[in-house]
Amino acid sequence: MTTKPVIVYGASGYTGRLVCEYLREYNIPFVAAGRDANRIKEALLQVPGVDSVDHEIVEVEHTLEALTELFTGAQVVCNMVGPFIKFGPTVVEACLAAGCHYTDTTGEQNWVMHSQEKWAQQYEEKGLLLSPGIAHMYTTSEIAANICLETPGLDSLDIVTMFNGFPTYASTQTIFHTLNSDWYHLSQNQYVEWERNARFQVSLPGQHDTVIALPWGGMSHPVWFKDDPRVANCRAIGGVTDQSVMEGAIATRTMIDEKIKSLPPEEQDAALSEIAASVQAGMPPRENPRINKSIDSVHASGPLGRAHVVIHGNCNYKQTGLLQAYTAYSLMQQPPRRVGFASACQAFGHRELLGVLRSFGLVLEPVVTVHT
């Protein structure tokens, strides 16, 4: 049992470390938890000023009993341990048993769908928030989409989210496991499966070169907007601006279809983990805002109107760390706008989240164009 209000589970990873860094900015006492206390200690040594905030390091087994015991007494758990479809259920169940709000950084559409189907009602009944996917690629672009929807009469969203950088070890594990799942977009308020080889050459606002974008696992947006009466169609694509990384992801999905899908499930999992580790086995360098830029572009359309919103930013992993820390900070002080299963914008407000990102210098003021 803890007396700290926030637990960062998976604090030894790149993103977990950044969540701790921004919790320190908000002066929030926290527990940095995971399966290896030494690795967590090494990670926190990289967090500037961490000794100025009340925190502790806890080594814990990844079991329902151990996590429930640890989470009891906390208010919010920020889960960084992926792939979430593999490790997430135990954490969600432990949060439910301990009475904690749950957030994570997932990019796995199948996990978001599974969370909604299995636990949404239970979390709602307890007045708790279940919010997977609070992270740059899903939340910053969701903010842009909601700014588009401030114009009435638009019912279709075309979303692109890209960043310049290399995915972390955990992100790479998630990406390669997601390549083995089915991906969906929203068409006339129904899930429609993407073609397995779908890829796009995208012209990003503000540059002449095109980039490769993929459905990237389907992303969270079609799930968030499926029950939104304003939206009938939602397509979300994205990735990294490095074309070699994107070509590698395309080649890997082809290889998965040809060689891995026929294997037993446990062998599939091991093979995907091995491939991911061969691509990214270590900790990437700290982000540099002059290099690690992000862009989120959303076109919205309706029968007699159009809107386009672009958010230019930097340091997408820092955006993720800040969003996680702020949502925990908010949940400590007041209930979310929506309990149960909800996105970051649904639970905290898209304009409020934009203000947070702006206040820390991570995004520009959105560029908004409306035609009605």
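This is a predicted model: local features need pLDDT of at least 70, side-chain atom pairs count only at pLDDT 80 or more; totals for chains, interfaces and linings use all residues.
Hi everyone. Let's start where two helices touch: Leu-64, Leu-67, Thr-68 and Phe-71 in H3 meet Thr-90, Val-91, Glu-93, Ala-94, Cys-95, Ala-97 and Ala-98 in H4.

The crossing in which H3 passes H4 is right-handed.

Helix H11, residues 316-333, packs with helix H13, residues 350-359, at an angle of about 125 degrees, and here the axes are 10 Å apart. That angle makes H11 oblique to H13. H11 also passes H13 in a right-handed crossing. Which residues do the touching? From H11 we have Gln-319, Leu-322, Leu-323, Tyr-326 and Thr-327, and from H13 we have Leu-353, Val-356 and Leu-357. This contact divides into six nonpolar residues, two polar ones and no charged ones.

Let's move to the sheet. Picture seven strands in an open sheet, paired in parallel, in the order E3-E2-E1-E4-E5-E6-E15. At the edges are strand E3 (55-59) and strand E15 (340-341), each of which pairs on one side only.

Zoom in on strand E1, residues 6-9. Four bridges join E1 to strand E4, residues 76-79, and the two run parallel. E1 is also joined to E2 by four bridges, again running parallel. In E4, Ile-7 stands opposite Val-77, and in E2 the bridge partner of Ile-7 is Val-31.

What lies on this sheet? Helix H1 (residues 14-25) lies across E1 and strand E2 (30-34), running at about 160 degrees to E1. Our friend H4 from the opening packs on the sheet as well, touching E1, E4, strand E5 (101-104) and E6, and its direction makes about 160 degrees with that of E5.

Is E2 largely enclosed or open? Five of the five residues of E2 are buried, so this strand is largely enclosed by the rest of the structure. Here's a bit of background: in a regular strand, side chains alternate between the two faces of the sheet. In E2, Phe-30, Ala-32 and Gly-34 are on one side, Val-31 and Ala-33 are on the other, and both faces are covered.

Next, some individual residues. Ala-135 lies in the loop between strand E6 (129-131) and helix H6 (136-148). Its relative accessible area is 5%, so Ala-135 is buried. Beyond its sequence neighbours within four places, Ala-135 is in contact with Thr-105, Thr-140, Thr-320 and Leu-323.

His-136 has its place in helix H6. With a relative accessible area of 0%, His-136 is buried. Leaving out residues up to four places away in sequence, His-136 touches a list of residues including Thr-161, Phe-163, Asp-296, Asn-316, Gln-319 and Leu-323.

Gln-109 is in helix H5 (residues 109-125). Gln-109 is buried, also at 0% relative accessible area. Among the residues it touches, not counting those up to four places away in sequence, are Asp-182, Trp-183, Tyr-184 and Pro-222.

Last stop: the backbone. The peptide bond from Gly-82 to Pro-83 is cis, with omega near 0 degrees, and Pro-83 is found in the loop between E4 and H4. Asn-27 is not a glycine, but it has a positive phi, near 60 degrees. You'll find Asn-27 in the loop between H1 and E2, and at 55% relative accessibility it counts as exposed. Gln-188 is not a glycine either, and its phi is positive at about 50 degrees. Gln-188 sits in the loop between strand E8 (184-187) and strand E9 (190-193), and it counts as exposed at 57% relative accessibility.

Note on methods
Residues are numbered from 1 along each chain as its sequence is written. Side-chain values use heavy atoms; hydrogens and water are left out. Buried means under 20% relative accessible area, exposed over 50%, partly exposed in between (1.4 Å probe, protein chains only). Contact means heavy atoms within 4.5 Å. A crossing is left-handed if the near helix is turned anticlockwise from the far one by less than a right angle, and right-handed if clockwise. Axes are lines fitted to C-alpha atoms, for helices over the stretch in contact, and angles run from 0 to 180 degrees between N-to-C directions. Angles under 35 degrees count as roughly parallel, over 145 as roughly antiparallel, 65 to 115 as roughly perpendicular and the rest as oblique. Ala, Val, Leu, Ile, Met, Phe, Trp, Tyr, Cys and Pro count as nonpolar, Asp, Glu, Lys and Arg as charged, and the others, Gly among them, as polar. Two strands pair if DSSP finds at least two bridges between them.
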